[in-house]
Every structure is written in C-alpha cells, then in structure tokens.
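Student: I have a structure to go through today. Can we take it piece by piece?
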Amino acid sequence: MSILADLKMYTRFAWGLRGFLRQTITLEEARAIVRRRMAERETNFLRLVEKGIFGYPRSPYLPLLKLAQVELGDIQNMVRDKGLEDTLRALREAGVYVTFEEFKGREPIVRHGQVIPVQARDFDNPYLKPHYYARSGGTTGAGTRVPIDLDHLTAQAPNLMLAHHAHGLLGVPKAIWLSILPNSSGVNVTLRLARFGQVPKKWFSPVVASDLRPSLRSRLATKYIVAMGRLVGVPIPQPEPLSLDQAGVLARWMANTLKTHGSCLLITQPSKALRLCIAAREEGLDLTGAAFLVGGEPPTPAKAQAMTEVGARGLPGYWLTEVGAVGLGCVHPADLNDVHLFKDCVALIQYAREVPGSGITVDAFHFTTLLPTAPKLMLNVESDDYGVIETRSCGCPLESYGFTEHVRHIRSFRKLSGEGVTLVGSEMLHILEEVLPARFGGSPLDYQLLEEEDEQGFTRLSLLINPKIDIENEGEVIEAVLEALGQGSVAAGMARAIWTQARTLCVKRIEPVWTAQGKLMPLHMAKSSGEPRP
Ligand SMILES: [Zn+2]
C-alpha cells in the first residue's frame, strides 16, 4: 500500500473514530437490527454476490463460478428455490469454494486442472474503505493484513450486546487480557464493547512492548484510540502490561470487584483464564459471580473445571479474524463449547475434506459472509476448523432472535494453539522439516510436534526428537525453534513472545509417533477423540 493510501486510511480512521465512540446503541436498537438482518439474509447474500463478485471483474470467485458454469441468475434461482444453505452446498459440490491456504494466498487455486493464481488481498471486500489494518491473529507467512473497519465493528455490536444481555453481563464491570496492536484482538474487543456502552475498566496486555517491538504506527494508533476515547467521554483504559506469571494481579482485581459489584467479566483466552484461576486458588481468592468470556482456543474440560472450581463460569466465544464474531455461548449449553451461530452475519456449511498428510477426513467449516461491511468477501471459504452444527431448541434468549443453529465441539485440524496464540501449521512445518534437520542433523522424519495438556491443564507443545539424533543441549533446539518463529510473520513473532514466557515448548527424546496423523498433532487429534473419521 502506498504512503498516500496509508495516510488516507489513517485520516479516515481518525475521523471515523470520534463518531464511532460517540454513538452507542440501545438494547432495543440491537434487537431491531438483528431481526431485520435475519429477515434480509438471503437478500444480503445475493447483493454481495451481485456487486462483490459478478460486478467486480477481479473477483477470484468469478473463474470458479465460470468453471462450474454458474451464472448470477442461477444463484438467484437456487436461493429462491432451495434457500441459502442448500445453495452454498450445491456450489461447494460444483467446486465453488476456496481452501484456507488459497484464501491466504499461499497456494494458487487449482480446479479441474486449471490454475487460478490468487493473493490474499484479492479476497478483500472491494466496496470497503478500511479504517485501519491489523495483522490477522492466526496467520503466518507473509503476514496477512486484515482491515479493522469501524463500520464492521458497528455491525457486530448488536449481536454481542444481545449475547451479553442473555448472560446477564450488561452493566457488569469488565476487564480484558488481550494483546495490543499490531494484533487486533484487544482493540477490536474494546471498540465493540464501547459501541454498546460497555467499555472495559481494565486492559491488560500479555505482551509488553519489549517482547514484540510494535511498530511506531501500532503504538501511535493505540495511544490515539485511548486519547480519542477520553476526549469524547468514553474512558478506554490504557493497556497495562501483565505477563503470564502475573495473573495474581488480575485475580485480585476480580476478587475486589466482586466484593464491590457482585459480578465481573474477564475477556481472554482459556489458557489465561486457567492461569488466573490457579493464581486465585493459590491466594485463596473466591471468584464466585465472575464470568470468563473465552475464545481463540478450545476450552478443554481441564480449563473449564479450573473456572468452576474458583466459583466462576466460562462462556465460549467463536471468532475469526476475517469475519469477527461468529457465535457466542448458549445460556443452556450442551457442552463446554456450544455457541449460537450469528446467522445474520455469516452462513456456515460443512463439507468433508482430508487432513493433509493423514488418512483422516473431517467435516470442515465453510464460511460465507453476509454483511456488506465484512472486511473479506467469503463465499464457501474453508477454515481449519471443524465440529458439530446442529439445530436445537435450547430455550435461551439467543434462540428467540432466530439463532437456532448451535456450533459445538469446535476444533482446528491444522492449527496449533497454546496460551491463546494460534499458529497455522505451515510455518511450524518449515521449521520441523528444514530448519531443525539442517542445524541438528537427521531427517524431517526425526522431528514431530505434539500438542498435549499437562496435569494442570496447560497446553504444551512437545517437540518429539528421535533419540538417535545426537543433541548435547536440548535447550538449544527450543531456542532454534523460537528463533525461527521470531524471523517469520508477526503472528509467529507473537507466538515466540508468549511461548517463551509460558515455557510452552518442551523436548521429548522419543521416536516420532507415525500414526496416520502426521507431523503436527493438535490436541484433539493427539487424544484421538473419535470425531475424525479414519
Ligand atoms: Zn441457547
């Protein structure tokens, strides 16, 4: 992006933020917006297809639709006759979909022998004027930029407000323990909360400036957002560094807030919630009445149990950087990770695919964006997640808005997650297959990464190294992995910073377990939960 375009973007962000922060929505407005979007979801989809795909000659979806011999009129007829989800399934069947790697621009699209070269930015919503760009949390490689669009944050606020209301969390004092820019999670969560009058009281950041060396523009953007908030009377908290071993500070803040207000909410990742619960237990703090809104990694049974043991409740959220909020926890959940799909914002179907390098087939999630403000235009874009989608009557308030689909058991089949950092496997594969054999000897077959949960419930990444490789100091291998991560993308740099703090990586001198599952074994696959079909 040129300097001029950059400047324009920042000016727009600066200009827009003032208005964004000044206008908050009421619960009635939130309900009305969601009901209207639910009524118009097929129309919204068709408009995106008409303007964003057929009306945009550079759309990467156009060649796919052409190969499948599908015209705009066909899609319009299909939606009218079969409904939106069945149309998406039919399109998927006809080859109209984009894999995760293609969407990130890491691989060209290959269909029916034809090669369609693509870059990540080809999928940007062509009608969007992004206010600010942040780095996608879970991406690796060349560092995918995702626009933070104030209009899109505005569009998501109603869903989140309704979910907060359903869980009795409106008006409850809130804190977040999320990263600062260039990672967008902290800013996005804060701004969305501000939009419905729920700005957090505290913002703790697990990465400190010295870990990550955020660019001047990231630091200035954070300062600007905080200062603008103050100016218009929205007290956005200044981010305070809080490393992983300082969880006790936040546990005490929660305990004190509970004494004065009776309830409080912390928004963070499950692993950080676990740290906080352990700190609370060690200090004998009672967190009865507290809630954790967690996302970014699966809330495993051990992590959920830690929350209930200190008297708190866990509430799962499902987010995708490119989409925003996908769903939020049911009030009467069937399991730990049971969220209501925000059907007004996104359509979700499943389609079987094989996990690369394994004999396992999973029903991968395919997302289609429905809101005109979505930063990326997605038509059956496959994510690395899979799980259960079911229509169930739970009797909770979220159902009454038409959010009848529940998404459960959400797991990733190719990502590694630990301490709230998600790393897509490809970057780690390069380290396992090239960096380590080159430096320490052996072949790619001698190294494997296994995600495991330790006895406390923390996610550990065990680097399995064949004992026949002669390595004097195992610490050097970990150093080499972290160093290689630091040289990769911003997201990998984030992984390095957090995993070093949390000592997430450890070495095990055993022969790699060459099951069907391949080189990277994410937590659920290591446990072989029975969900994936061999
Ligand atoms: Zn529910």
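Student: Which residues in H3 meet which residues in H5?
Tutor: This is a predicted model, where local features need pLDDT of at least 70, side-chain atom pairs count only at pLDDT 80 or more, and totals for chains, interfaces and linings use all residues. Residues are numbered from 1 along each chain as its sequence is written, and side-chain values use heavy atoms, with hydrogens and water left out. On the H3 side, Glu-42, Phe-45, Leu-46, Val-49, Glu-50 and Phe-54 meet Leu-72, Ile-75, Gln-76 and Val-79 of H5; contact means heavy atoms within 4.5 Å.

Student: How do the axes of H3 and H5 cross?
Tutor: At roughly 170 degrees, with the axes coming within 11 Å. H3 and H5 are therefore roughly antiparallel (angles over 145 degrees count as that).

Student: New topic. What coordinates the zinc ion?
Tutor: Cys-330 (SG), His-340 (NE2), Cys-394 (SG) and Cys-396 (SG), at 2.0 to 2.3 Å. Donors are N, O and S atoms within 2.8 Å of the metal (3.2 Å for Na, K and Ca).

Student: Why is the arrangement tetrahedral?
Tutor: Because the four donor atoms subtend angles of 98 to 125 degrees around the zinc ion; the term needs all angles between 85 and 135 degrees.

Student: How are the donor residues spaced in sequence?
Tutor: As C-x9-H-x53-C-x1-C. His-340 in strand E12 and Cys-394 in the loop between strands E15 and E16 are 54 residues apart.

Student: Is His-340 buried or exposed?
Tutor: Buried, because its relative accessibility is 0%; buried means under 20% relative accessible area, with a 1.4 Å probe and protein chains only. Cys-394 is buried too, at 13%.

Key. Axes are lines fitted to C-alpha atoms, for helices over the stretch in contact, and angles run from 0 to 180 degrees between N-to-C directions. Helices (H or I, at least four residues) and strands (E, at least two) are DSSP runs, numbered from the N terminus. Angles under 35 degrees count as roughly parallel, over 145 as roughly antiparallel, 65 to 115 as roughly perpendicular and the rest as oblique. Four donors count as tetrahedral if all angles lie between 85 and 135 degrees; four count as square planar and six as octahedral if opposite donors are over 155 degrees apart and all others between 65 and 115; anything else is irregular. Buried means under 20% relative accessible area, exposed over 50%, partly exposed in between (1.4 Å probe, protein chains only).
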